[in-house]
Amino acid sequence: MDKWEYSESIESDSIVSIQSKYGHFIDGKFSTPNSKKYLKTVSPSTEEVLASISIGNKNDVDSAVNSAKEGLKTWSKTAPSERAKYLYKLARLIQERSREFAVLESMDGGKPIKESRDFDLPQVAANFFYFAGWADKLDISWGTKEMKPYGVVGQIIPWNFPLLMLAWKVAPALATGNTVVLKPAETTPLTALLFAELCEEIGLPKGVFNLVTGDGTTGSELVNHEGISKIAFTGSTSVGKYIQNAVGERDIGLTLELGGKAANIVYNDAALDQAVEGVVNGIFFNQGHVCCAGSRLLLQEDIHDEFINKLEKRMQTLRVGNPLDKNTDIGAINSKEQLEKITSLVNEGVNDGGELFQIECDLPSSGYWFRPSLFTNVQPSYNIAREEIFGPVLTTLTFRTPEEAVEIANNTEYGLSAGVWTEKGSKILWTADRLDAGVIWANTFNKFDPSSPFGGYKESGFGREGGRHGLLSYLKVQS
Amino acid sequence: MTEIKKTYKNYVDGKYVRSESGKTYTIDLKSESYELPLTSKKDLRDAVTSSKKGFDSWKGLSQYNKTQIIYRLSEMLEGNRDSYVDLLLEHGLTKSTANKDIDNAINTLVWYAGLADKWEQLTGNLNPVDGEFFNISHQEPLGIVFTLNSDEVSIDKLVRSFLPALSTGCSVINLSEKNAVLSLKLAEDVNNSDIPAGTLNLLSGDFSKVYDDVSRHVEINAFASYKKLNKEILKTINENASTSVKRIFHLPSEDGLSSILPFIETKTVWHPKGR
């Protein structure tokens, strides 16, 4: 199919200023790390080194936790309505500097600017606005006054939506009166560091928000630190299991938002063109680096050929390339390591006997890239149908009856999200009732809102983020 | 005439059963000693198998029906209150404490009976999302829950160790240790209350003999302990639970809406609005 050529429309990166080296944000200011080890954060679209980031060690984590403990003294005496105002101020400031954040996010993480600009940043600001308003309404949120903040919360976030995951964690934690030690992902720390600058700028009391950069070793120090009363983690199921294991004898709070292998069920009475759009958005949004991605397409057998034909045509129109180009649909794969993982799983799928379709397109000569991919002729036992690929790879399975669709959809350890496409309302409700998933998108996919709870069933974790339910992740029942 | 002493057995799948191991342990009350089943790993597995079936049966009933069944259990306790008071006296409670305890237990049952068809309204809501979408969060029971009763001699504490999970639609395997006579006595009323077989399994024994299996069993979705656990046991439980991301609740709330929150999953459904 012919594709119209677009002229490049590159968002300028002159708006961001990146320092060559960063310390941690502790006690209300940036400080020199105790650790002498650094890692380089690179742009996955150019492989250019953007900055050096400290790999926080035990002493750095100690300082941050102690700062958060001190911060708790101030924060717990701050009137809830005043806590709210700090969060409102942060929301406003994020809106004002939204373009800067969006460009930085796309540079550090590789996501298309149209997503960081039109999705991530508006959602970040909206989360701070939403949770700000809860700060002085906690006593009426669940009809009980017996719930109190945990205290010092350790938060570990992933690289797929760096600043948005920060917002999902930090906004509710602060609104409910906790103080925070946050560790951003090692490949995408820059927007979190810029966020710390905003905290300084609005005069957030010292110690209320602390940031320690680093890798898995830093995360492990945080998870095992005796001074924290609650851990909130978003990331892979394997690391989630490590964290639950590490909690051990400690009686602390834990919420886990882990992996997924969501089924996107398309019934034969669906509006097919809409469903094609939804399926494309479901898997190719953010290069498929989405824990709730609709990575298993479940097609009713009689529409398989027609649907796949439409889907391949639509996929071919996706534009892969420079994340800062406003026309780009698919940006860079976040890291070399992730690219290798995706490549290896896809090769395995081909060897298993899956039929692979990849779009034809030129890929930039440097950086990490993967063509949008679709597997058909797949058996449910193949790894590509079971494992979370976390990339732009869609796997197709077929079913004959609604019962079978539900059975296949639920036949996984995961239970984060699912999609249902049909024009019949009763079938949507029947299916939604039977799917083991925390979020179900019917005739839509990958929609998010601060007021809408997000989180999984089964091995996709426990606890919810967002909405009134999200408050419960940061409040414990006083016995 | 020789008095006939009652034999207490585990209550699993709607039947009274001995431990397959044949092992028992002794609970000494004031005038008599009782030999109770010492629940084994195999007994636990049987209870889980039964609980799976019990979960489906319980889920198949309307909330209105569940309300009536739990209320029916309170009626059974009321009808047999004298025998409960006698048994509590046997445990060493004073008459007034025993009477108060059975009153409390009945009131607790009535409270949770009334909650069974209301908790969804108290915990779910529409979410005011941006854009043209209908978005609702509602709740579903977690599945099969294993609960450990406290060692307090109290029918009220006993019922509070399974009602929060049961009233939301979970099936419950409940283990009592030192006060298991009370639990296995209650099993008789549970059996007469129309609670489906397998929905509530009541076991006696020593938790230290089964906690490893309880926390490892992938078909048990959650574990809640109403008894304070020592650090060593808690550590093993968390470690085992992590292999299947099992939900662990140590000393959860025993009353009010907060008591049921551990046992429900939030499901959020989106749909566009349009013409």
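Figure 1. Strand E18(A) and strand E12 (residues 264-272) of chain B run parallel and are joined by three bridges. Strands count as paired if DSSP finds at least two bridges between them. Helices (H or I, at least four residues) and strands (E, at least two) are DSSP runs, numbered from the N terminus. This is a predicted model, in which local features need pLDDT of at least 70 and side-chain atom pairs count only at pLDDT 80 or more, while totals for chains, interfaces and linings use all residues. Residues are numbered from 1 along each chain as its sequence is written, and chains are lettered from A and ligands numbered from 1 in the order in which they are written.

**Figure 2. The contact between chain A and chain B involves 40 residues of chain A and 34 residues of chain B.** Residues are in contact if their C-beta atoms, placed from the backbone, lie within 7 Å. On the side of chain A that touches chain B, two or more residues each come from helix H9 (237-247), helix H14 (425-434), strand E18 (439-442), strand E19 (461-462) and helix H15 (467-471) of chain A. H9(A) gives the largest share, five residues. By class, this side of chain A has 14 nonpolar, 16 polar and ten charged residues. Ala, Val, Leu, Ile, Met, Phe, Trp, Tyr, Cys and Pro count as nonpolar; Asp, Glu, Lys and Arg count as charged; the others, Gly among them, count as polar.

**Figure 3. Chain A is assigned domain 1 (21-258 + 458-477) and domain 2 (263-442).** The bounds come from an automatic or database domain assignment. Taken over C-alpha atoms, the centres of the two domains of chain A are 30 Å apart. Their contact takes 19 residues from domain 1 and 24 residues from domain 2. On the domain 1 side, helix H3 (98-109) and helix H4 (113-132) of chain A are the elements that give two or more residues. That side divides into five nonpolar, eight polar and six charged residues.

**Figure 4. Three strands of chain A form an open, mixed sheet in the order E1-E5-E4.** Strand E1 (21-22) and strand E4 (38-42) stand at the edges, each with a single partner strand, so one side of each has no neighbour in the sheet. E1(A) pairs with strand E5 (residues 49-54) of chain A in the parallel sense, over two bridges. Lys21(A) has Ser52(A) as its bridge partner in E5(A).

**Figure 5. Helix H2 (residues 63-79) and helix H4 (residues 95-115) of chain B cross at roughly 165°, their axes coming within 8 Å.** Axes are lines fitted to C-alpha atoms, for helices over the stretch in contact, and angles run from 0 to 180 degrees between N-to-C directions. H2(B) and H4(B) are therefore roughly antiparallel. Angles under 35 degrees count as roughly parallel, over 145 as roughly antiparallel, 65 to 115 as roughly perpendicular and the rest as oblique. The crossing is left-handed. A crossing is left-handed if the near helix is turned anticlockwise from the far one by less than a right angle, and right-handed if clockwise. Residues of H2(B) in the contact include Ile70(B), Leu73(B) and Leu77(B); those of H4(B) include Ile102(B), Ile106(B) and Leu109(B). The contact has eleven nonpolar, three polar and one charged residue.

**Figure 6. Helix H9 (residues 207-216) and helix H10 (residues 231-242) of chain B pack at about 25°, with axes 7 Å apart.** That makes H9(B) roughly parallel to H10(B). Their crossing is right-handed. Among the contact residues are Tyr211(B) and Arg216(B) of H9(B), and Ile233(B) and Asn240(B) of H10(B).

How values were computed: Contact = placed C-beta atoms within 7 Å.
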